Amino acid sequence: MKAACYYGKEDIRVERVPDPQILNPRDAIVKVTSTAICGSDLHIYDGYIPTMERGDILGHEFMGEVVEVGRGNERLKVGDRVVVPFTIACGHCFFCHKQLWSLCDNSNPNAWLAEKMAGYSGSALFGYSHIYGGYPGGQAEYARVPFSDVGPIKVPESLSDEQVLFLSDIFPTGYMAAENCDIQPGDTVAVWGCGPVGQFAIKSAWLLGAERVIAIDRFPERLAMAHSQGKAEVLNYEEVDVTEALRAMTGGQGPDSCIDAVGLEAHGTTLDAWYDRVKTSLYMATDRPHALRQAIAACRKGGTVSIPGVYGGWLDKFPLGAAFAKGLTLKMGQTHMHRYLPLLLGRIERGEIDPSFVITHRVSLDDAPEMYRTFRDKQDDCIKVVMKPH
Amino acid sequence: MHTTAYPSDFDQTSEPSVDQLQRWGALAAAAAVIGYGVSRRSLPGLLMAAGAVPLAYRGATGRWPAACEALLSSSGDTREALSGPRGINVKESVRLECPVDEVYRFWSRLENLPTFMKNLVVVTDLGGGRSHWVARGPGGVRVEWDAEIINEIQNKVLAWKSLPGGDVVSAGSVTFEPARGDSGTQLTVTLQYQPPAGKFGKLVAQAFGSEPSQTIREDLRRLKQLLEAGEIAKAAGAPGTSAGAGR
């Protein structure tokens, strides 16, 4: 089969690789009908994610048709149309029982590696380095899905691939980011980053009852989407001082909650952002947390900073003092995908949201190398790429 | 291959004398355990206290009590190789989302152990508390030994030691305790082993890895996956076996 494989920083190749096989009783094999490039895949593309190996199959946003089912799987059958959540969870450990699916104890065969870094390991992820399990990803014609009796959600034929594909990651991720804000009537939510997760965080903030949503970015097409699709007020951080603007917009109080949908490769125009650039380019720091610093500075006293953006290492100049002084709540982590799938499929079925609004590019799997670059460089107004492997 | 190996290199062969310091240490430890055990006013507490009596005897006299001596010297090399702090000591715990009786039932069928212990090839129950163990060394070298159960309390503890004549001298125990009410189990493995000298010594040491506790920890992680998820997580097939049906 064909698959998009990692060969090094900025080196993605579509290659012929062996087809996946059932390895465990609870596995299924899915024929991938649609797969997307995630903003977090760009961290891999840019060489920020350790323990990637040459030839690793990329991709964690995919859906398709079940073509083979392991003997221990009584929930799926051949022919089912499913969306696969990007986190891999066993469904039976302490964490799965507590609905903390992305912290599953049993899915990461390389947990020892993650333990060395973080103390304990979270769940495995598809196509996201060996520290996260080394599972082949879904930017391929076929994919093996472990624990497929608890992960994939069946979707009705009445909904198109484009309407349900983003249940695989970015819609639940944006939704959990907003849910983590514990939005109360009258609340203002500020969202840093108007990429796909930011767009879904904006929509979700409305769904969860926000009174105002303010979106922050610098790319006109992303701000335009946040405004036209997301109905958000927008701030271009290259044109205004974001902290001051937010203070003014909220009568000197600050947003009730702030969502950092940017993550470890934040871009900025202030002194600290340049400091991050220099340090990471000299390999003296792992992350560039400029957006997170600003979110903490801008947030109102007693507010919540919710972090769906991915961080990978040790943060420099992290303003914990400000977070402490203002009594902030910080919430973060990989999305507990399985918790949200039925809920959000329901919202799509009822027409409360059509996630396909975020798609700007529809291409074939063969175009993956080019599209990674286009997406990374934000060329051609690229916001979300969907690939058809067949 | 039943190679008879004697622990001549690591053991001075003569009965090790317990010096004064060790004896005081043993006495103090035994007193603490007995005190704690009795203070718990429970059956496990009393068992714990009773278990420490031989240690107190050893502290006072420098010798194990005759009963223990008989038990230990029936194997000879196990006792000598593993007395005191000798050999390699490993202690690892894992918490499982399964009730104690289920975990105990699985572990007490020793044939199950190779399904999650990476270096074990096969364990055969010989009956009468005895079992035959085959493990995998580096380069495919097999090491074998016989072991016998020396303590067995249902849903609480299993302890064993190796019998003379094997390639490995080892003793160990597994305890099973309820966790998070009765819904979970905290399983603790205590393992002491001494590879024989000579050609197997190095190989066995390597087989257990430079960090034996890490090896056991990974084994227990696989046990957890097996008992909780029903299967051991695998990201890919063995190299060379993943070629598919040519879709």
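**Exercise 1.** Where is the place of A:Gly312 in chain A? Then decide how exposed A:Gly312 counts.

*Solution.* The model is predicted. Start with the position. A:Gly312 sits in the loop between β15 (304-307) and α11 (320-325) of chain A. Now take the neighbours. A:Gly312 has 18 C-beta neighbours inside 10 Å. A residue is buried with 20 or more and exposed with 12 or fewer. A:Gly312 therefore counts as partly exposed. Last, look at a residue from elsewhere in the sequence. A:Met117 is 195 residues away along the chain, and its C-alpha atom is separated from that of A:Gly312 by 10.0 Å.

**Exercise 2.** Describe how helices α5 and α6 of chain A cross.

*Solution.* Find the helices. In chain A, α5 covers residues 170-179 and α6 covers residues 196-207. Their axes come within 7 Å and cross at roughly 55 degrees. Angles under 35 degrees count as roughly parallel, and 65 to 115 as roughly perpendicular. So α5(A) is oblique to α6(A). The crossing is right-handed. Next, list residues in the contact. From α5(A) they include A:Ile170, A:Phe171 and A:Tyr175. From α6(A) they include A:Val197, A:Phe200 and A:Lys203. Finally, sort the contact by class: 10 nonpolar, 4 polar and 1 charged residues.

**Exercise 3.** How many residues does the contact take from chain B and from chain A? Sort the chain B side by class.

*Solution.* Take each chain in turn. Chain B gives 20 residues to the contact. Chain A gives 29 residues. Now sort the side of chain B that touches chain A. Its residues divide into 6 nonpolar, 6 polar and 8 charged.

Note on methods. Residues numbered from 1 in each chain as written. Chains lettered and ligands numbered in written order. Predicted model: local features only at pLDDT ≥ 70, side-chain atom pairs only at ≥ 80, totals over all residues. Contact = placed C-beta atoms within 7 Å. Nonpolar A, V, L, I, M, F, W, Y, C, P; charged D, E, K, R; others polar. Axes fitted to C-alpha atoms, helices over the stretch in contact; angles between N-to-C directions. Helix = DSSP H or I, 4+ residues; strand = E, 2+ residues; numbered from the N terminus. Parallel < 35°, antiparallel > 145°, perpendicular 65-115°, else oblique. Left-handed = near helix turned anticlockwise from the far one by under 90°.
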